[in-house]
Every structure is written in structure tokens, then in C-alpha cells.
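Here is a report on one protein model. It goes from the overall architecture to single residues.

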Amino acid sequence: LFDCLNRGGMACFALTEPGAGSDAGAVSCRAEKVEGGYILNGTKCFITNAPIADKITLFANTREGGGIRGLTVFLVDADTKGISIGKEEDKMGIRASATAEIIFEDCFVPDSARVGKEGRGFMIAMQTLQMSRPVVAAISVGIAQAAIEAAVAYSHHRKQFGVKIATFEMVQQMIADMVMKTEAARILTYKACVAQMNKDKKAGLYSAMSKCFASDTAMEVTTTAVQVMGGNGYSRENPVEKYMRDAKIMQIYEGTNQIQRLVIANEATF
């Protein structure tokens with residue numbers, strides 16, 4: 001996988017299914033053991049990079065009855081016989097990101113394609129998401145920062161009643177709240193990254209907190225930026241409507257913020 005990525009290749013993380021989102025144990029994509037390998041059957045959905053991936057990190061179930069204990073990881077070449085890519089999603093936001101279904105039909109992979117032991121997939125998925133959630137937090141902070149800069153610039157340009165709207169107390173309050181919450185999200189994101197690098201026992205807690213808080217902040221800040229700019233903020237001639245649409249997915253992927261709150265509550269043993 002690393003050789004592929006180092007040569008400029010692309011990979012995707014195929015966990016989500018039409019019937020399995022937050023509930024990883026509901027994965028129905030089947031990996032049936034046969035001589036020399038496995039036969040894969042099932043469908044994955046909302047997979048980022050699916051149309052352009054060279055490698056697929058696939059989560060499938062090796063147990064007859066399914067469940068978390070059967071979740072197993074496979075590293076599969078995207079051009080393997082039996083793999084096809086479904087319709088690309090027409091998304092509200094992050095429209096530059098290619099997202100689509102992946103369909104597996106009697107797809108054979110050798111034993112060497114399995115990552116780790118059978119049944120270790122859930123642990124691998126959780127470890128991966130713990131690493132990736134601060135990345136979502138960082139993206140969220142970037143979106144919020146861009147929205148702030150656009151709103152502040154507009155407030156110093158736009159005049160109403162003969163003065164810049166930046167002088168209006170209500171506008172100042174909105175901008176102040178945007179700045180404070182974004183800076184708090186930034187610091188929490190840094191803390192999550194440091195905890196991860198230092199293998200802190202609370203790294204998972206900070207990972208969940210950073211993703212949840214930063215993405216909620218991005219959604220709030222971008223919505224406020226649209227409000228500051230009024231009708232111009234709602235127009236596609238200005239970038240804040242795009243930031244608002246992009247912010248929404250940050251609250252959903254890599255584990256919904258409702259799931260993050262469950263993680264935080266369960267690990268909050270200060």
C-alpha cells in the first residue's frame with residue numbers, strides 16, 4: 001500500500017454500506033474462505049476516492065452470522081476481476097471529492113490480501129478512525145478560518161446607512177464569536193494531534209472531541225458568515241455558501257458527531 005501511495009497512487013477506505021454506517025457490526029459484505037484465499041461479495045457506498053483508487057482497504061465479514069467479531073480487513077487491487085464502481089455521488093458539498101459505490105461480485109483475493117487475523121477488522125477500523133478524526137478537525141478549522149476571513153473582508157467593504165457594517169455591534173458580536181470558537185477548535189485539534197503522536201492513553205478521547213467540536217464549529221461559523229454577508233452570502237458568486245455546504249459533511253463522516261459524543265461520554269474519566 002505504501003509503495004503504491006509513494007508512487008502517486010490512490011487508495012480508499014471501504015467500510016460503509018447501505019445498511020452499515022455507524023454500526024460497523026452490521027457490515028454484510030461477505031468474505032468466504034476458499035482454498036488459497038477468499039471470495040468477496042457485497043456493496044460498499046459513499047466511498048471517497050472509489051472511482052480513482054488503485055488500492056481498496058476493504059472491511060468484510062468472515063463469519064456466517066456476521067457481527068463485529070467477524071469483521072476482517074483486506075487490501076485489494078482495484079482492477080481485480082469482480083470489482084466494479086457504481087454511480088458517482090452528486091453531493092451537496094466537497095464536490096471535488098470523488099465518491100461512489102464499490103460492488104464486489106464473486107471477487108477472488110489470495111490469503112496474502114488479508115490484513116492481520118480474521119476478526120481483527122473492528123479494532124483496525126477504530127484505530128484508523130482515531131487517527132483520521134483530527135484530520136477532519138483540521139479541515140473543519142480551515143473551512144471556518146476561510147469563512148471568517150471572507151466575512152471580515154466583506155464587513156469592511158459593505159456599507160449600510162452610510163457606514164461600514166463592521167462598525168455595527170451585532171456584526172461585531174457575530175464575528176467575535178466566530179473567531180473565539182474557531183481558535184478554540186484549533187487548539188483542541190493541536191492537542192488531539194499531540195496526544196496521538198505521544199500515544200497518550202486519552203488520544204481517542206481527544207480525537208473524538210476535536211472532530212466533534214471543530215466540525216460543529218465549522219458549521220456554525222460558516223452559517224454565521226452567510227448571515228453576515230446577507231443575500232450576497234447566499235449567492236454562489238461568493239465562497240461562503242460553498243464553505244457552508246462543505247462544513248456539513250464534517251459533522252457526518254469519519255463517525256457522526258452523535259457517535260463522537262458517545263465516545264466522549266464513555267471515555268470521560270478525568
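## Overall architecture

This is a predicted model. The protein has seven helices and 10 strands. Its C-alpha atoms fill a box of roughly 80 × 45 × 35 Å along the principal axes.

Of the 270 residues, 44% are buried. Taking contacts between residues at least 6 apart, 70% join residues at least 24 apart.

## Strand pairing

Strand 1 and strand 4 run parallel and are joined by four bridges. Within this pairing, F13 stands opposite T57 of strand 4. Strand 1 has two faces. C12 and A14 form the covered one, while A11 and F13 form the uncovered one. In a regular strand, side chains alternate between the two faces of the sheet.

Strand 2 (residues 30–34) pairs with strand 3 (residues 37–48) in the antiparallel sense, over five bridges. K33 stands opposite Y38 in strand 3. The two strands form a hairpin with two residues between them. There, G36 takes a positive phi near 85°.

The largest nonpolar core has 29 residues. L40, I56, L58, F74, I102 and F104 have the most contacts inside it. Strand 1 (11–14), strand 3, strand 4 (55–61), strand 5 (71–77) and strand 7 (99–110) each supply at least two residues. Strand 7 gives the most, with five residues.

A second, separate core has 24 residues. Among them are Y154, M178, Y243 and M250. In soluble globular proteins, nonpolar side chains tend to be buried together.

## F74 and its aromatic partner

F74 counts as buried, at 0% relative accessibility. Leaving out residues up to four places away in sequence, F74 touches A31, Y38, L40, I56, T57, L58, A60, T62, V109, A113, R114 and V115. Two of the core residues with the most contacts, I56 and L58, are on that list.

How many aromatic pairs does the model hold? The count comes to three. In one of them, the ring centres of Y38 and F74 lie 4.9 Å apart. Their planes meet at 65°, so the pair is edge-to-face. Y38 lies in strand 3 and F74 in strand 5, so the pair ties together parts that are 36 residues apart in sequence. Y38 is buried too, with a relative accessible area of 0%.

## Helix 7

Which residues of helix 7 are buried? In this helix (residues 257–267), they are N257, Q260 and I264. Seen down the helix axis, the buried residues fall within an arc of 45°, so they line one face.

The cover over these residues includes helix 2 (121–157), helix 4 (203–229) and helix 6 (240–250). The other side of helix 7 carries exposed residues: Q258, L262, A265 and N266.

## A loop glycine

Where does G119 lie? G119 is in the loop between strand 8 (114–115) and helix 2.

Beyond its neighbours within four places in sequence, G119 is in contact with T62, I68, R69, G70, L71 and T72. G119 and Y234 are 115 residues apart in sequence. In space, their C-alpha atoms are 48 Å apart.

## Cysteines

A disulfide is a covalent bond between the sulfur atoms of two cysteines. How many disulfides does the whole structure hold? The search finds zero. C29 is in no disulfide: the nearest cysteine sulfur, that of C107, is 9.1 Å away.

C29 is buried, with a relative accessible area of 0%. C12 also counts as buried, at 4% relative accessibility. C12 belongs to the covered face of strand 1.

How values were computed
Residues are numbered from 1 along each chain as its sequence is written. Side-chain values use heavy atoms; hydrogens and water are left out. A disulfide is a pair of cysteine sulfur atoms within 2.5 Å. Buried means under 20% relative accessible area, exposed over 50%, partly exposed in between (1.4 Å probe, protein chains only). The arc is that of the directions from the helix axis to the C-beta atoms. Contact means heavy atoms within 4.5 Å. Two strands pair if DSSP finds at least two bridges between them. A nonpolar core is a set of buried Ala, Val, Leu, Ile, Met, Phe, Trp, Tyr and Cys residues joined through side-chain atoms within 4.5 Å. Rings of Phe, Tyr and Trp (its six-membered ring) pair if their centres lie within 6.5 Å; planes under 30 degrees apart count as stacked, over 60 as edge-to-face and the rest as tilted.
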